[in-house]
Amino acid sequence: MIVTLQNLIEALRNELQQYGEMLALLDHQQELVELQGGDDLVHSISAIDTQSAAIQAARSNRQVAQWDLAENLGQPRGSAFAHLVPLMPDHYRPLVKALIQENNELLLRVRERAQENHLLLRRSLEKMQQFITTLAPQDHSVPGRRDEDSLSAIEPGPCLYEAII
């Protein structure tokens, strides 16, 4: 039982660390958007994708540890922490409760920051679309050309991007 609890605690700590790293990446991305750091912004998106995979792996490991604990406590595999924590030895409960609470709070902060960044990126894309639209000529003739028959109309092409919603 002790090894199972230690594995769960380690998994919760790792998950917490991954959320913390994601929050740091999202903070950095927000700075890049505000500073209009083009290439760095592309790299930040890649780093966030990589960190997202690390979070998924940490969650998966924590879930396996949670299932192992449930099994050791004679509970169904999908038992929630609210059901498992009271069945743990007394001296482990405060630490496990604190780690669960910290994970939940940090996950909430990560979600909020990701939504903020999404909104910032969306606004940035909308501004770029407005800029591109201003570059599309309203007059479809080419200035300086005398042979009107050989003129081809310049029409704006399809939208270069669609905003992520």
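Predicted model: local features only at pLDDT ≥ 70, side-chain atom pairs only at ≥ 80, totals over all residues.
Mentor: Leu99 touches Ile9, Leu12, Arg13 and Leu16, leaving out residues up to four places away in sequence.

Trainee: Okay, and where is Leu99 placed?

Mentor: Leu99 sits in helix H4.

Trainee: Is Leu99 buried or exposed?

Mentor: Buried: the relative accessible area of Leu99 is 6%, and buried means under 20%.

Trainee: How far apart are Leu99 and Glu10, in sequence and in space?

Mentor: They are 89 residues apart in sequence, while their C-alpha atoms lie 9.9 Å from each other in space.

Trainee: New topic! At what angle do H1 and H4 pack?

Mentor: The angle is about 20°, and the two axes are 9 Å apart. Here H1 covers residues 2-35 and H4 covers residues 93-135.

Trainee: So what do we call that arrangement of H1 and H4?

Mentor: Roughly parallel, because angles under 35 degrees count that way.

Trainee: And which hand does the crossing have?

Mentor: H1 passes H4 in a left-handed crossing. Sorted by class, the residues in this contact are 19 nonpolar, 8 charged and 5 polar.

Trainee: Can we look at Gln30 now? Which helix is Gln30 in?

Mentor: Gln30 belongs to helix H1.

Trainee: Buried or exposed, that Gln30?

Mentor: Gln30 is buried, with a relative accessible area of 16%, so Gln30 falls under the 20% cut-off.

Trainee: Which residues is Gln30 in contact with?

Mentor: Setting aside neighbours within four places in sequence, Gln30 is in contact with Arg113, Glu116, Asn117 and Leu120.

Note on methods: Residues numbered from 1 in each chain as written. Heavy atoms only, no water. Axes fitted to C-alpha atoms, helices over the stretch in contact; angles between N-to-C directions. Helix = DSSP H or I, 4+ residues; strand = E, 2+ residues; numbered from the N terminus. Parallel < 35°, antiparallel > 145°, perpendicular 65-115°, else oblique. Left-handed = near helix turned anticlockwise from the far one by under 90°. Nonpolar A, V, L, I, M, F, W, Y, C, P; charged D, E, K, R; others polar. Buried < 20%, exposed > 50% of the residue type's maximum accessible area, 1.4 Å probe, protein only. Contact = heavy atoms within 4.5 Å.
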